[in-house]
Amino acid sequence: MSARRSIADLSADLADRAESFCRQYFPEGRRQGNYWQVGDTSGAKGQSLAIRLQAQGGRKAGSWTDYATGEFGDLIDLLQERLGSVTLKETLREARSFLGEAPCPAVPRDTQTREQPDATSSKHIARTRKLFAAGKPVLGTLAATYLQGRGITRLGPALRYHPRVFLRHGTDDADPPQRAPALLAKITDNRGQITGCARFYLDPSTGGLAEIESPKRILGQLHGHAIRFWYGTGRTDLIVGEGLENTLSVGTALPEFDLASCLTATHLGLFIPPPGIERIWIARDNDDAGRNASMRLRNQLESLGIACGELVPTMGDFNDDLRVFGRDALRQSLLKAMKKQGLAIEGG
């Protein structure tokens, strides 16, 4: 397939999900009839830019016009404008990531009943959804600088960036909360519903984590849930990891696999597998906490009839391995370990 044809296919697929696209990348806009109206290509509030949501009168869904500047195009063009200062390759990667976040399979009714939050939890979840919706795509932001500084190139729609997130410096801080830039990661259940949002506070001067008490914090519910990075649809293997950076390090080396990050060893052991998964690879840290969490999850998976494999880093965690040994070496190490545990790998 030619590059031109591939871009055309992506554009058509984005057009099929035009409203979802608009709600994700232009949350400050609103629907007016068959159009999503927003201020401009940066996503500011306003009505100058109109995006057609469904084909109408021979005009394609996904086509847009900024009446203030005269600019127009399809959703690939618009996505590149929204991301800002990125290459076409990066724009297409972001488009594929958005399209790859397919709806999860239907969950049995009894499972849905067990996962219903109480009234107090619902308030927290509403706050997490509002926070995540206020973020913007990470490419070209401080959040991308942070992840790329750790050697991570696997990103996706589960991640966003916000330049001014409320922050208290410590649990005993009596002062009014300040605001600081943060990487946001949405936590979802097996229905694809947001249950929480992880916040990674960042230091603009270093591009690393902010030097504060607990720079990584969670709002909402994490128990049994995860941050998810889907590669495609209908896949039966899933890599489940501990921390976000460690899971994305594995995903950087193995971009063809779906990922779920549970953020902590404790929650790794509590992960609830989604329907349709036949095998889970547990990407744990190389310590006692990781070992115990892996054992707990393995016991649960075996009771459900789900095959299980274990991936253990050479160093303390997979981000250490990625930064020290490089992506190619980490990929070969992971594939070798998976092959030993029964994964059929094409081409050896």
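**Close-up 1. The salt bridge between R191 and D189**. R191 is partly exposed, with a relative accessible area of 28%, where partly exposed covers the range between buried (under 20% relative accessible area) and exposed (over 50%), using a 1.4 Å probe and protein chains only. The closest N and O atoms of the two side chains are 2.8 Å apart. A salt bridge here is a side-chain nitrogen of Lys or Arg within 4 Å of a carboxyl oxygen of Asp or Glu; by this rule the count comes to 10. The model is predicted: local features need pLDDT of at least 70, side-chain atom pairs count only at pLDDT 80 or more, and totals for chains, interfaces and linings use all residues. Residues are numbered from 1 along each chain as its sequence is written, and side-chain values use heavy atoms, with hydrogens and water left out.

**Close-up 2. The salt bridge between R279 and D237**. The closest N and O atoms of this pair are 2.9 Å apart. R279 belongs to strand β13 (residues 279-283) and D237 to strand β11 (residues 237-241), so the pair ties together parts that are 42 residues apart in sequence. Strands (E, at least two residues) and helices (H or I, at least four) are DSSP runs, numbered from the N terminus. R279 is buried, with a relative accessible area of 19%, and D237 also counts as buried, at 14%.

**Close-up 3. The salt bridge between R323 and D320 in helix α11**. The side chains meet at 3.7 Å, N to O. The two residues are three apart in the helix, about one turn. R323 is partly exposed at 45% relative accessibility, and D320 is partly exposed at 23%. Elsewhere, salt bridges that share partners join E19, R23 and R31 into one network.

**Close-up 4. A nonpolar surface patch of M315, V324 and F325**. Together these residues have about 270 Å² of accessible area, calculated by the Shrake-Rupley method with a 1.4 Å probe, where for residues only the protein chains shown count as cover. Patches are made of residues with over 30% relative accessible area and no salt bridge; like charges are joined within 9 Å, and nonpolar side chains (Val, Leu, Ile, Met, Phe, Trp, Tyr) within 5 Å. F325 lies in helix α11, which spans residues 318-325. Its relative accessibility of 44% makes F325 partly exposed.

**Close-up 5. The largest cavity and its lining**. The structure holds one cavity of 30 Å³ or more, and the largest has a volume of about 30 Å³. On a 1 Å grid over the protein atoms alone, a cavity is a set of points where a 1.4 Å probe fits but cannot get out; lining residues have an atom within 4 Å of a point. Grid points are joined across faces, edges and corners, and the volume is the space filled by probe spheres set on the points. The lining consists of Q24, Y25, E94, P137, G156, P157, L159 and R160. Elements giving two or more residues to this lining are α2 (18-25) and β6 (159-167). By class, the lining has four nonpolar, two polar and two charged residues; Ala, Val, Leu, Ile, Met, Phe, Trp, Tyr, Cys and Pro count as nonpolar, Asp, Glu, Lys and Arg as charged, and the others, Gly among them, as polar.

**Close-up 6. T65 in strand β4**. This strand comprises residues 64-66. T65 is partly exposed at 25% relative accessibility. The C-alpha atoms of T65 and T41 are separated by 9.8 Å, and the residues are 24 apart along the chain.

Notes: On a 1 Å grid over the protein atoms alone, a cavity is a set of points where a 1.4 Å probe fits but cannot get out, and a pocket is an open set with protein on both sides within 12 Å along at least five of seven lines; lining residues have an atom within 4 Å of a point.
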